[in-house]
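Student: Could we go through this structure together? I would like to learn how to read it.

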Amino acid sequence: MAKKKTLLIVPVVIFMTILISALTPISAYAEGEIYEPRLTAPNSSIPYYSSELNRYFQTGTPMPNCVAYAYGRIYEMNGEAPLITHGSAGDWYFINKSNGYYDYGREPKLGAIACWSGHVAVVEKIHEDGSVTISESHWGGTYFDTKTFSDITSHYGQTFYGYIYAYNNGVSKELEKRLLNAGKEKNTEYKQEKIELPDTAAPEYGADLSYTPISQSVDYNSLLLKVIQ
């Protein structure tokens, strides 16, 4: 009686489908989202900049005001309320840093909040020559304007602290977490199949065969999670 060998058949199609379905939503948001710069003044009826949604407007410091504008711009870009809800322009960088609200650094990025000792503005364009176009509002002054700087750190002669990376590329942290969890849950539904084949089905395992035997159990759950992470 011919011996039987147990093979672990890896359903490649199923595995790749799960992998693609888990990663595609995040990729679609991250890569498909096109940043829309604001280069014209927001209409006062836009809720992000009005008393309807703007925290600074609600507390008595509406535009023209740089923090009221930055608050509204973050809200407009992300579609969700900014995590920084108080403080003057010179406080924002340190409020964010101490609370861990958003990533921060010295490299300009689209949608980042540029922070100085007495002013904040929003990065709207980054040009090939390294110059940066910002949008801003000025307390007691201009309602809205844009400027392009080759060296943004010297803006107004104030001390430049850095950038707050408040723009989320269309994916909020909560949504990203839900997408990853959804991918993991899909993966737990995957069942490995084992079938028994007689020796005559595969006399030898060589390079010319279209499959490779697996002599021990492989944890594809862990493999998929590593790829997702």
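This is a predicted model: local features need pLDDT of at least 70, side-chain atom pairs count only at pLDDT 80 or more; totals for chains, interfaces and linings use all residues.

Tutor: We shall take a helix, then some aromatic rings, a charge and a strand residue.

Student: Which residues of helix α4 are buried?

Tutor: In α4, residues 89-99, they are Ala89, Gly90, Trp92, Tyr93, Ile95 and Asn96. Buried means under 20% relative accessible area, exposed means over 50%, and partly exposed lies in between (1.4 Å probe, protein chains only). Helices (H or I, at least four residues) and strands (E, at least two) are DSSP runs, numbered from the N terminus.

Student: And what covers those buried residues of α4?

Tutor: The cover includes the helices α2 (55-58) and α3 (66-78), as well as β2 (103-105), β3 (113-116), β4 (120-126) and β7 (160-165). Contact here means heavy atoms within 4.5 Å.

Student: What happens just after α4?

Tutor: Gly100 takes a positive phi of about 65° there.

Student: New topic: how many aromatic pairs are there?

Tutor: The count comes to 13 aromatic pairs. Rings of Phe, Tyr and Trp (its six-membered ring) pair if their centres lie within 6.5 Å; planes under 30 degrees apart count as stacked, over 60 as edge-to-face and the rest as tilted. One of the pairs is Tyr71 with Tyr75, edge-to-face at 6.2 Å centre to centre, with 80° between the planes.

Student: How far apart are Tyr71 and Tyr75 in helix α3?

Tutor: They are four residues apart, so about one helical turn separates them. Tyr71 counts as buried because its relative accessibility is 5%, and Tyr75 is buried at 13%.

Student: Which aromatic cluster do they belong to?

Tutor: Tyr71 and Tyr75 form one cluster with Tyr48, Tyr56 and Trp92.

Student: Where does the charged end of Lys109 sit?

Tutor: It sits over the ring of Tyr165, 4.4 Å from the ring's centre. The rule asks for NZ of Lys or CZ of Arg within 6 Å of the ring centre and within 35 degrees of the ring normal.

Student: Lastly, is Thr133 buried or exposed?

Tutor: Thr133 counts as buried, because its relative accessibility is 6%. Thr133 lies in strand β5, residues 132-136. Leaving out residues up to four places away in sequence, Thr133 touches several residues, among them Leu39, Val122 and Thr146.

How values were computed. Residues are numbered from 1 along each chain as its sequence is written. Side-chain values use heavy atoms; hydrogens and water are left out.
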